[in-house]
Amino acid sequence: MNFNQIVRYSLEYLNQSRYYHWQTESYAHHEALGEFYNSFSESVDKMVEAMAGRTGTKISIDQGKVELVDYNGVPEVIESLEALRSAYEKFKETITDLGYIDIEDIIDDIVHSINELLFHMRLK
């Protein structure tokens, strides 16, 4: 996954996580999803700006349509979060090869936020 693809995936997931946040019937999950949305949004913004600063180029992503999935319970959210984490872990390998330590740190923050939400979603 290249930079533009991870940004598009992130924007899609931001919308999806906000949608889950609105649909869950658990107050604890509502709060955890809201905190994740805010943290993830801020980290993605930092990542895009740091990459633009490094490369001197503006972001350019595919403008295709985004489909949101209705909240169907915790297992679905966990599965989607694990896929997001996996995408970021693979993307970090690319960034590490480029030697962009500052962006690696931002990716670490993103993975931390994902893991924290996974923990909260798994609580009974």
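What pLDDT does the protein chain average, and what percentage of the residues score at least 70? The chain averages a pLDDT of 95, and 100% of the residues score at least 70, pLDDT being the predictor's confidence in each residue, from 0 to 100. This is a predicted model, in which local features need pLDDT of at least 70 and side-chain atom pairs count only at pLDDT 80 or more, whereas totals for chains, interfaces and linings use all residues. Residues are numbered from 1 along each chain as its sequence is written, and side-chain values use heavy atoms, with hydrogens and water left out.

**View 1. Confidence by element.** Elements are DSSP runs numbered from the N terminus, with helices being H or I of at least four residues and strands E of at least two.

**View 2. The packing of helices α2 and α4.** Helix α2 (residues 27-55) packs against helix α4 (residues 101-122) at an angle of about 170°, and their axes are 9 Å apart. The axes are lines fitted to C-alpha atoms, for helices over the stretch in contact, and angles run from 0 to 180 degrees between N-to-C directions. The two helices, α2 and α4, are therefore roughly antiparallel to each other, given that angles under 35 degrees count as roughly parallel, over 145 as roughly antiparallel, 65 to 115 as roughly perpendicular and the rest as oblique. In the contact of α2 with α4, the residues divide into 16 nonpolar, five polar and four charged, where Ala, Val, Leu, Ile, Met, Phe, Trp, Tyr, Cys and Pro count as nonpolar, Asp, Glu, Lys and Arg as charged, and the others, Gly among them, as polar.

**View 3. The aromatic pair Y20 and Y71.** Rings of Phe, Tyr and Trp (its six-membered ring) pair if their centres lie within 6.5 Å, with planes under 30 degrees apart counted as stacked, over 60 as edge-to-face and the rest as tilted. By this rule the count comes to five aromatic pairs. In one of them, the ring centres of Y20 and Y71 are 5.8 Å apart and the planes stand at 75°, so the pair is edge-to-face. Because Y20 lies in helix α1 (residues 3-23) and Y71 in the loop between α2 and α3 (74-98), the pair ties together parts that are 51 residues apart in sequence. Both Y20 and Y71 are buried, a label for under 20% relative accessible area, with exposed meaning over 50% and partly exposed in between (1.4 Å probe, protein chains only).

**View 4. The aromatic pair F40 and Y88.** F40 and Y88 also form an edge-to-face pair, 6.2 Å centre to centre with 80° between the planes. As F40 lies in helix α2 and Y88 in helix α3, this pair ties together parts that are 48 residues apart in sequence. F40 counts as buried at 0% relative accessibility, and Y88 is buried with a relative accessible area of 0%.

**View 5. The ring cluster and Y13.** Ring pairs link Y13, F36, F40 and Y88 into a cluster. Y13 is found in helix α1 and is buried, with a relative accessible area of 5%. From C-alpha to C-alpha, Y13 and L81 are 9.0 Å apart in space, although 68 residues apart in sequence.

**View 6. R18 over the ring of Y37.** The charged end of R18 sits over the ring of Y37, 3.8 Å from the ring centre. A charge sits over a ring if NZ of Lys or CZ of Arg is within 6 Å of the ring centre and within 35 degrees of the ring normal.
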